[in-house]
Amino acid sequence: MKRIKNIITGLSLLAIIVSCSKSQEKEPLERIGEDLVFDNIDKNADYAKQFLNGTYLQLPDGYNRVLGNFLEVGTDDAVSSEDGSLVEGYRTGLVSGQNVPDNQWARNYTGIRRANMFLSKIDIVPATPELKIQWKAEARFLRAYFYFELVKRWGGVPLIGDKIFGLNDNVNLKRNTADECYDYILSEIEAVKDLLLPAAVSDQNIGRANKGAALALKSRILLYRASPLSNPNGDPQRWQAAADAAKDLMQLGNYSLGTDFIALFNAVKNPEIIFMKEQGQSQNVETNNGPIGYTVGNGTTSPTQNLVDAFPMKNGKMPMEAGSAYDAANPYAGRDPRFAATIMFNTTKWLNRPVETFNGGLDRPGGSRIQTKTGYYLRKFMGKFESSGSYSNQNHHVMLFRYAEILLNYAEAVNEVNGPVAEVMNAITAIRKRAGINAGTDARYGIAAEISKDQMRSLIRNERRVEMAFEEQRFWDIRRWKIAEQVLNTPLKGVNIVKNVDGTFSYTILDIAPAVFDASKNYLFPIPYSEIQTNPNMIQNPGYTY
């Protein structure tokens with residue numbers, strides 16, 4: 001059978017998990033032709049709706065999604081507890097067109113083709129005009145999302161518009177520029193944002209694209225476009241556009257910060273959640289990443305000391321800052337509550353006992369078994385199992401947009417335009433207050449009274465790092481800020497812990513993994529070799545030879 005080039009490889013017409021019956025037929029939907037899916041006698045438009053639902057499946061997955069690891073394993077925030085993780089190639093320089101660990105090229109073009117198919121066929125189906133308008137808007141939003149997933153990895157990619165390629169079509173497409181792609185994506189968002197469901201959606205529409213999701217995507221895109229990687233001359237108009245986009249969402253009035261940072265990530269409904277990809281209940285996050293000394297727990301992810309050091313103290317000051325009250329002999333006491341909500345450390349209570357990551361402890365026994373390489377395990381996204389005897393199924397929906405990100409986007413963009421004005425302070429202190437920073441009489445939540453624009457920039461970046469840890473922000477942030485060449489040329493660190501005879505612990509910080517980043521090429525992914533091989537018009541990104 002003739003093989004279609006990879007830009008449409010794997011774009012099966014109906015890659016839908018569910019199966020259903022229509023007329024006298026009973027067959028998985030992926031085996032049913034498009035004429036039956038988009039059928040003028042399907043009075044309830046059931047097949048068409050399932051096709052659209054299947055397109056949502058192309059949205060990003062989360063957690064251990066990249067070859068069994070978090071994407072953060074390619075940053076300074078974590079290492080894989082397993083040797084030889086390909087994801088670590090993003091911080092060791094071992095990435096090429098033949099080795100793209102987070103290769104989402106075909107997946108996102110699959111989503112784009114599905115959206116185009118839906119848009120081209122939905123008018124055949126006897127759904128109501130109002131429903132067709134909503135569904136078309138959803139499909140266009142999803143298509144915009146898929147394009148952004150491509151652009152943030154590779155820069156400019158081929159824009160195919162509403163085209164649906166067939167077996168005999170020429171798919172040797174040239175790449176559009178990144179600016180052309182951004183303009184197209186933003187124009188699509190602008191066209192549909194007021195046609196989508198309102199920001200406050202009913203229970204049956206949880207997980208569907210709404211106005212809030214469209215504005216959140218616009219906010220993220222404009223922030224990326226304003227950042228140094230895409231805005232090397234620091235055009236303030238781009239920063240202003242990013243600030244305005246975040247403010248548009250803030251002014252909807254439908255979202256706010258949740259009150260329980262841990263519970264947020266296992267929630268179905270929460271005022272902080274803007275858009276998520278629903279998943280079935282499971283124990284996967286816990287069993288994949290939990291400490292190894294319990295009945296279950298594979299300990300796959302080892303957060304670094306670099307990330308630990310990024311968390312401030314509960315009074316808002318950094319550990320090495322004057323007045324922080326940090327105690328090197330008791331390094332985990334008095335920290336920002338997000339620290340214990342994100343990272344398991346030695347003595348963390350878990351499943352009815354303290355975690356033991358000291359040398360020879362139950363969770364760091366040594367030997368050949370996979371275990372933490374850094375002295376830390378991941379805590380974030382897990383249920384509240386501190387006093388439980390075992391894990392139980394939890395909601396692990398993928399949080400694609402939440403309100404804290406919008407506040408951080410707004411603070412970053414406004415600071416770049418106007419410096420640390422009140423609006424910046426308000427956004428950051430709101431996040432710190434929710435986090436549990438103990439302000440006392442300090443209405444600035446640990447932020448110095450006299451702070452420059454540059455100092456505020458550093459503070460916002462660090463706040464983003466700890467607030468959004470393991471939510472696939474750090475990987476892209478260090479690239480769009482164009483600091484990866486500093487961050488990823490610094491060794492990753494862990495802690496060696498010795499339990500003393502009196503029951504106290506001694507802590508020694510060690511280099512545990514190298515980091516290598518080539519600024520001449522690694523800010524963008526290499527185009528997959530298969531695309532270069534099959535499309536003579538596909539130009540590789542600079543610095544990659546194959």
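This is a predicted model: local features need pLDDT of at least 70, side-chain atom pairs count only at pLDDT 80 or more; totals for chains, interfaces and linings use all residues.
Aspartate 511 and lysine 493 form a salt bridge, with the closest N and O atoms 2.6 Å apart. Lysine 493 is partly exposed, at 29% relative accessibility.

**Salt-bridge network**

Now select Glu272, Asp336, Arg338, Lys380, Arg402, Arg432, Arg434, Glu463, Glu467 and Glu471 together. Salt bridges with shared partners join these residues into one network. Zoom in on glutamate 467 and arginine 402. Their side chains meet in a salt bridge, at 2.8 Å from N to O. The pair links distant parts of the chain, 65 residues apart. Glutamate 467 belongs to helix H15 (residues 453–467), and arginine 402 to strand E10 (residues 398–402). Is this pair buried or exposed? Glutamate 467 is buried, at 0% relative accessibility. Arginine 402 is buried too, with a relative accessible area of 1%.

**Arginine 153 and aspartate 102**

How many salt bridges does the structure hold? The count is 48. Pick another of them: arginine 153 with aspartate 102, whose closest N and O atoms are 2.8 Å apart. Arginine 153 lies in helix H5 (residues 129–154), while aspartate 102 lies in the loop between helix H3 (89–92) and helix H4 (105–121), so the pair ties together parts 51 residues apart in sequence. Both arginine 153 and aspartate 102 are buried.

**Arginine 91**

Go to helix H3 and select arginine 91. Arginine 91 is buried, with a relative accessible area of 2%. Which backbone oxygens does its side chain reach? One belongs to proline 514, at 3.0 Å. Another is that of valine 73, which lies 3.2 Å from a polar atom of the arginine 91 side chain. Beyond its neighbours within four places in sequence, arginine 91 is in contact with residues including Gly74, Thr75, Ala78, Leu488, Leu492, Ala513 and Val516.

**The largest cavity**

Switch to a cavity display. The whole structure has three cavities of 30 Å³ or more. The largest has a volume of about 80 Å³. Select its lining: Gly89, Tyr90, Gly93, Val95, Arg479, Val516, Phe517, Asn522, Leu524, Phe525, Pro526 and Tyr544. Colour these residues by type. The lining divides into eight nonpolar, three polar and one charged.

**Asparagine 522**

Stay with the lining of the largest cavity and centre on Asn522. Asparagine 522 lies in the loop between E12 and helix H18 (529–534). Asparagine 522 is buried, at 9% relative accessibility. Its side chain makes a polar contact of 3.1 Å with the side chain of tyrosine 544. Leaving aside neighbours within four places in sequence, asparagine 522 is in contact with Arg479, Phe517 and Tyr544. Draw a distance from its C-alpha atom to that of arginine 457. The two C-alpha atoms are separated by 24 Å, and the residues are 65 apart along the chain.

**Helix H2**

For the last stop, select helix H2 (residues 46–56). How many of its 11 residues are buried? Eight are, so helix H2 is largely enclosed by the rest of the structure. Highlight the buried residues: Tyr47, Ala48, Gln50, Phe51, Leu52, Gly54, Thr55 and Tyr56.

Notes:
Residues are numbered from 1 along each chain as its sequence is written. Side-chain values use heavy atoms; hydrogens and water are left out. A salt bridge is a side-chain nitrogen of Lys or Arg within 4 Å of a carboxyl oxygen of Asp or Glu. Helices (H or I, at least four residues) and strands (E, at least two) are DSSP runs, numbered from the N terminus. Buried means under 20% relative accessible area, exposed over 50%, partly exposed in between (1.4 Å probe, protein chains only). A polar contact is a pair of N or O atoms within 3.5 Å; within protein, one must be able to donate a hydrogen and the other to accept it, and residues adjacent in sequence count only if both atoms are side-chain atoms. Contact means heavy atoms within 4.5 Å. On a 1 Å grid over the protein atoms alone, a cavity is a set of points where a 1.4 Å probe fits but cannot get out, and a pocket is an open set with protein on both sides within 12 Å along at least five of seven lines; lining residues have an atom within 4 Å of a point. Grid points are joined across faces, edges and corners, and a volume is the space filled by probe spheres set on the points. Ala, Val, Leu, Ile, Met, Phe, Trp, Tyr, Cys and Pro count as nonpolar, Asp, Glu, Lys and Arg as charged, and the others, Gly among them, as polar.
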